[in-house]
Amino acid sequence: MTQEELFKKLVAHCKEYGFVFPSSEIYDGLGAVYDYGQMGVELKNNIKRYWWDSMTRLNDNIVGIDAAIFMHPRTWEASGHVGAFNDPLIDNRDSKKRYRADVLIEDWIAKQDEKIQKECDKARKRFGDAFNEEQYRSTSPRVLETAAKRDAVLERMSKALNDNDLVELRQIILDCEIVCPISGTRNWTEVRQFNLMFSTQMGSTADGANTIYLRPETAQGIFVNFLNVQKTGRMKLPFGIAQIGKAFRNEIVARQFIFRMREFEQMEMQFFVRPGTEMEWWNKWKETRMKWHRALGFGDDNYRFHDHEKLAHYANAATDVEFKFPFGFKEVEGIHSRTDFDLGNHQKFSGKKIQYFDPETGESYVPYVVETSIGVDRMVLQVLSAAYKEEKLESGEERTVLSIPAPLAPVKACVMPLVKKDGLPELAHKIIADLRFDHNVQYDEKDSIGKRYRRQDAIGTPFCITVDHQSLEDGTVTLRDRDTMEQSRVAISDLNTIITEKVGMKQLFEKLL
Ligand code: ATP
């Protein structure tokens, strides 16, 4: 199965099992907007709790807030979003399709990488065991030529983006002979800047309505509350403010399912530090955040850092944590050193002093900020794409299983009476009544036990509990493990302890310390 096929299957699976639905589907959906179903919302809530508790509970100096989506419009002038939150767009005149100019070029670059990889694979076949890929990459004239072309284009693009040179961006597209994937032609318009913020009106028109924006990031809600939290919480630098909330971006090209949405959710933490110490903190947060991802057990090699060459208008250092999705390594989280740009500008635009008095140095200053910013939806996609597996069993049967880390699984256990009579359903309900205070548990009495197992595998339930006639006699049940499929006989009175040990967040948190 190719990665593309795998991804298609995953998207279909998400819909079939109630994880993600297209928004307003009965009206044929709305571009790049999605709804979470009964399973998706549980997974999403668990991811949020993993993040929230790891930030606010495991760190004495991080507290949370929940700011409004609507903010005073001046906020977005101060933050630079009104002036500079743009993507370069280009249209193909034949297909009338719109693209991000930088993404077209990035796709071309990725194709060169694929070409190089194909050359290496071909050579490996030719040379067999003696093949040394590293040596081949550094000596094969064809590979070197493609790599040089690729590097030159990457450099031109970075410079054009940095210089805001839209004519040059278009020229690169022409020079690389990039065609529209729909029309196959090179009939491109000029490149234009496109602001990604959604706007709406607040107040009645008669009163003179104000244009306000749907926030494109949650961070600004934290910055404008810096003094409120610092003073009321008696916080001392360094300290952080965490927030989870919706953000909105009118993305030009929305692709790859919930990877790029127009309405999405962010988990952001702004860490305020003394100027001059920001690089040390930036490095520390890089390490801490990578640990958080890796604790999920999806394989260390599936993550990498990608340091930014083009820095955003507010940053003096930035890196992305990238995860290997079925469509390649892509950003799930950004870790940015934002300097004093935001607080400094809010001070300027609002006319209110936003400073911190440092009791250690006896000075007042605008703190520097290191931000960690992660998309909840991209995390959901990370978990699902790492967890989705199609397995052939020894019995010859096949199963689709989501091996979601147990603490994040939507349903923790399903209780199943072997038959629908003889008092077995009653006992099953009694077990659920006891477990439901601590865990999300389901009841299922329909179809064969095998079929019921498959249904739970497909939504990633770590445990299935079968109640049979022996249960009535000796108070034991069969406990089946999702991953090993092993079954063991355990006492009903031990169930809660066994399940709690496996599905508790504690085991993840312990890996972070
Ligand atoms: P990209 O380069 O993919 O557009 P970005 O660099 O603009 O992302 P940031 O502004 O750093 O993203 O936002 C922080 C995080 O918010 C990202 O790492 C991502 O997880 C999430 N995010 C950003 N835009 C979207 C979106 N359109 N849909 C879903 N998640 C998003």
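View 1. A polar side-chain atom of Arg249 sits 3.0 Å from an oxygen atom of the ligand. The model is predicted: local features need pLDDT of at least 70, side-chain atom pairs count only at pLDDT 80 or more, and totals for chains, interfaces and linings use all residues. Residues are numbered from 1 along each chain as its sequence is written, and side-chain values use heavy atoms, with hydrogens and water left out. Arg378 also places a polar side-chain atom by the ligand, 3.1 Å from an oxygen atom. Phe259 takes part through its backbone: a polar atom there is 3.4 Å from a nitrogen atom of the ligand. A polar contact here is a pair of N or O atoms within 3.5 Å. On its own, the ligand has 600 Å² of accessible area, and the protein covers 85% of this. Such areas come from the Shrake-Rupley method with a 1.4 Å probe.

**View 2. The shell around the ligand.** Which residues are closest to the ligand? They are Glu251, Arg260, Met261, Glu331 and Val332, out of 16 residues that surround the ligand. To be near, a residue needs a heavy atom within 4 Å. Strand 13 (328-339) gives two or more residues to this shell, as do strand 10 (263-273) and strand 16 (368-375). The largest share, five residues, is from strand 13. Helices (H or I, at least four residues) and strands (E, at least two) are DSSP runs, numbered from the N terminus. By class, the shell holds six charged, five polar and five nonpolar residues.

**View 3. Domain 1 against domain 2.** An automatic or database domain assignment sets the bounds. Domain 1 is 1-75 + 214-306 + 315-392, domain 2 is 86-195, and domain 3 is 396-512. The centres of domain 1 and domain 2, taken over C-alpha atoms, are 29 Å apart. Six residues of domain 1 and nine residues of domain 2 make the contact, meaning heavy atoms within 4.5 Å. About 560 Å² is buried between the two domains, and carbon and sulfur atoms give 61% of that. Buried area is the accessible area (1.4 Å probe) that two parts lose on being put together, summed over both. Ile252, Val253 and Arg255 supply 74% of what domain 1 buries against domain 2.

**View 4. Two loop details.** Leu237 and Pro238 are joined by a cis peptide bond, with omega about -5°. Pro238 lies in the loop between helix 10 (226-232) and strand 9 (239-248). Ala32 is in another loop, between strand 1 (20-22) and strand 2 (34-36). Its phi is near 60°, a positive value in a residue other than glycine.

Terms used
Polar contact = N/O pair within 3.5 Å; in protein donor to acceptor, adjacent residues only side chain to side chain. Nonpolar A, V, L, I, M, F, W, Y, C, P; charged D, E, K, R; others polar.
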